[in-house]
Amino acid sequence: LPGFHQFEWQPALKNVSPSCSVGIINGLAGCSSTVDDSPADTITRRFRYDVALVSALKDLEEDIMDGLRENEMDDSASTSGFSVMIKESCDGMGDVSEKHGGGPLVPEKVVRFSFTVMSVSILPEGKEGKVTIYTEPKPNSELSCKPLCLMSVDESDHETLTAILRPVIAERQAMKESRLILSIGGLPRSFRFHFRGTGYDEKMVREMEGLEASGSTYICTLCDSSRLDASQNMVLHSITRSHDENLERYETWRSNPFSESADELRERVKGVSAKPFMETHPTLDALHCDIGNATEFYKIFQDEIGEMYKKVNPSRDERRSWRAALDKQLRKKMKLRPVMRMNGNYARRLMTLETVEVVCELVPSEERREVLKELMRLYIQMKPVWRATCPAKECPDQLCRYSFNSQRFADLLSSTFKYRYNGKITNYLHKTLAHVPEIIERDGSIGAWASEGNESANKLFRRF
């Protein structure tokens with residue numbers, strides 16, 4: 001637990017008390033304004049960010065020392081120049097009401113904010129590049145994902161969420177401009193921290209970065225493309241959005257310097273209509289990407305069973321019968337029970353070649369069957385690239401072929417499945433087709449930066 005180790009910051013952190021022995025604190029500590037309505041001290045608890053980071057680093061003390069030895073760095077010489085990469089995750093969970101018991105009245109939703117130490121590297125004196133001395137082997141395990149702040153808030157309640165996370169952001173900001181002096185292996189060493197907020201699902205990213213909700217025509221949190229653009233040009237987009245640009249655009253939206261109409265203004269700021277309050281690192285959330293695409297395939301399966309490409313607008317009863325047929329077939333042949341909301345496990349079992357074989361038994365036309373199978377084959381080729389912790393090592397062939405595969409995939413969607421993708425496309429499908437290679441080129445991985453560690457720790461937290 002944080003609050004045990006001695007450390008110091010140079011220069012001292014702004015807005016943070018100098019004492020080191022800090023345990024669990026009221027989540028609004030360091031926040032000057034008040035949050036009305038609910039008693040502040042009941043709705044959030046957190047560790048102080050720097051104290052939690054110190055504790056996480058002390059847990060890695062042996063690994064860091066081993067890393068220095070393996071790279072044959074003289075123990076006493078390497079005391080400065082360490083840099084630590086932190087992944088931040090934040091996720092809301094629904095329905096956590098107390099099943100029996102009469103505690104204080106709190107909202108029935110909670111938000112958890114946590115971080116993972118992804119790597120520690122050192123810039124040795126007199127050498128050119130950085131040497132990585134520690135890399136988190138399981139970046140998506142709940143064991144490496146340290147909780148920082150637990151809040152009884154609804155993640156959609158933007159005002160309360162921003163009020164509660166404000167002190168966390170202030171501390172993070174202060175730590176970026178300072179160095180931590182901490183004794184590791186018996187010697188004081190200096191660390192700098194780099195934060196990457198990647199463990200957010202799309203809803204949370206949009207909320208933190210001030211974008212419109214996910215049903216917006218601006219479908220992407222990485223580029224400015226509209227739904228129509230994305231469905232016509234499925235593959236060729238590059239990442240353009242950034243936190244600073246979002247802040248500028250919000251300023252434009254707020255002040256409307258060219259006195260434009262609401263529509264023109266919205267077109268100018270590309271859907272940034274709230275103030276971004278926390279910097280996220282633009283990436284794609286691998287877990288929700290899986291789920292989003294599986295939902296899409298599930299719908300394609302239904303449409304193909306009902307030969308949607310021949311029909312104009314089928315009745316709801318017709319659609320329902322297609323779905324019933326699909327569910328029955330999946331349950332009988334694949335032992336897949338229908339689920340209310342698509343989840344990760346269902347998605348993984350649905351997106352397999354054997355599932356497509358089973359679904360194809362219900363598809364009347366032979367050529368449509370072949371196309372469905374090819375669509376799934378391509379998808380299975382593409383998937384490891386954004387799932388793997390280190391794609392260059394784990395699936396180099398698929399990584400090389402990714403752009404080719406995604407182009408072919410897009411061609412199939414815009415020709416054979418034109419009835420579904422004429423002028424519309426889902427957010428995650430767009431990201432899967434357009435942005436994966438670029439993110440991997442920049443960060444080296446998508447899977448390692450996903451929100452899974454935080455999601456699986458939700459399960460543990462629920463028990464508390």
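Which residues have the most contacts inside the largest nonpolar core of this structure? I shall take that question as the way into this presentation. Please keep in mind throughout that we are looking at a predicted model.

The largest nonpolar core has 60 residues, and those with the most contacts inside it are Phe301, Leu330, Leu350, Phe409 and Leu413. Several helices supply two or more residues to this core: H9 (286–305), H10, H11 (344–350), H12, H13, H15 (396–415), H17 (427–434) and H18 (436–443). Of these, H9 gives the most, with 10 residues.

With its neighbours within four places in sequence set aside, phenylalanine 301 is in contact with Leu326, Leu350, Thr355, Val356, Val359, Leu372 and Met376. Apart from this core lies another, of 58 residues, which includes Ile43, Ile86, Val120 and Phe195.

The protein is divided into domain 1, residues 7–199, and domain 2, residues 286–462. The UniProt record, in an unreviewed entry, places the feature "domain: V(D)J recombination-activating protein 1 ZnH2" at residues 282–444. That span is 74% helix and 0% strand, and its end C-alpha atoms lie 14 Å apart.

How far apart do the C-alpha centres of domain 1 and domain 2 lie? The distance is 35 Å. At the interface, 23 residues of domain 1 are in contact with 17 residues of domain 2. The area buried between domain 1 and domain 2 is about 1700 Å², with carbon and sulfur atoms giving 55% of it. On the domain 1 side, Arg112, Asn140 and Glu142 lose the most area to domain 2, together accounting for 32% of what that side buries. The count of salt bridges between domain 1 and domain 2 is one.

Lysine 333 counts as partly exposed, because its relative accessibility is 40%.

The next pair is lysine 373 with glutamate 357, where the N to O distance in the salt bridge is 3.6 Å. Lysine 373 is in helix H13 and glutamate 357 is in helix H12, so the pair ties together parts that are 16 residues apart in sequence. Are the two partners buried or exposed? Lysine 373 is buried, with a relative accessible area of 15%, whereas glutamate 357 counts as partly exposed at 40%.

The remaining pair is glutamate 366 with arginine 369, joined by a salt bridge of 3.3 Å, N to O. These residues are three apart in helix H13, so about one helical turn separates them. Glutamate 366 is partly exposed, with a relative accessible area of 47%, and arginine 369 is partly exposed as well, with 24%.

Beyond such pairs, Asp290, Arg348, Lys383, Arg387 and Glu452 are linked in a network of salt bridges.

Which residues of helix H2 are buried? Helix H2, residues 49–59, is mostly covered, with 10 of its 11 residues buried. Those buried residues are Tyr49, Asp50, Val51, Ala52, Leu53, Val54, Ser55, Ala56, Leu57 and Lys58.

Glutamine 173 is located in helix H4, residues 158–176. Glutamine 173 is partly exposed, with a relative accessible area of 37%. Between glutamine 173 and isoleucine 184 there are 24 Å in space, C-alpha to C-alpha, and the two are 11 residues apart in sequence.

How values were computed: Residues numbered from 1 in each chain as written. Predicted model: local features only at pLDDT ≥ 70, side-chain atom pairs only at ≥ 80, totals over all residues. Heavy atoms only, no water. Buried < 20%, exposed > 50% of the residue type's maximum accessible area, 1.4 Å probe, protein only. Salt bridge = Lys/Arg side-chain N within 4 Å of Asp/Glu carboxyl O. Helix = DSSP H or I, 4+ residues; strand = E, 2+ residues; numbered from the N terminus. Core = buried A, V, L, I, M, F, W, Y, C linked by side-chain atoms within 4.5 Å. Contact = heavy atoms within 4.5 Å. UniProt positions renumbered as here; feature names shortened; annotations may be inferred. Domains from an automatic or database assignment. Buried area = accessible area lost by both parts, 1.4 Å probe.
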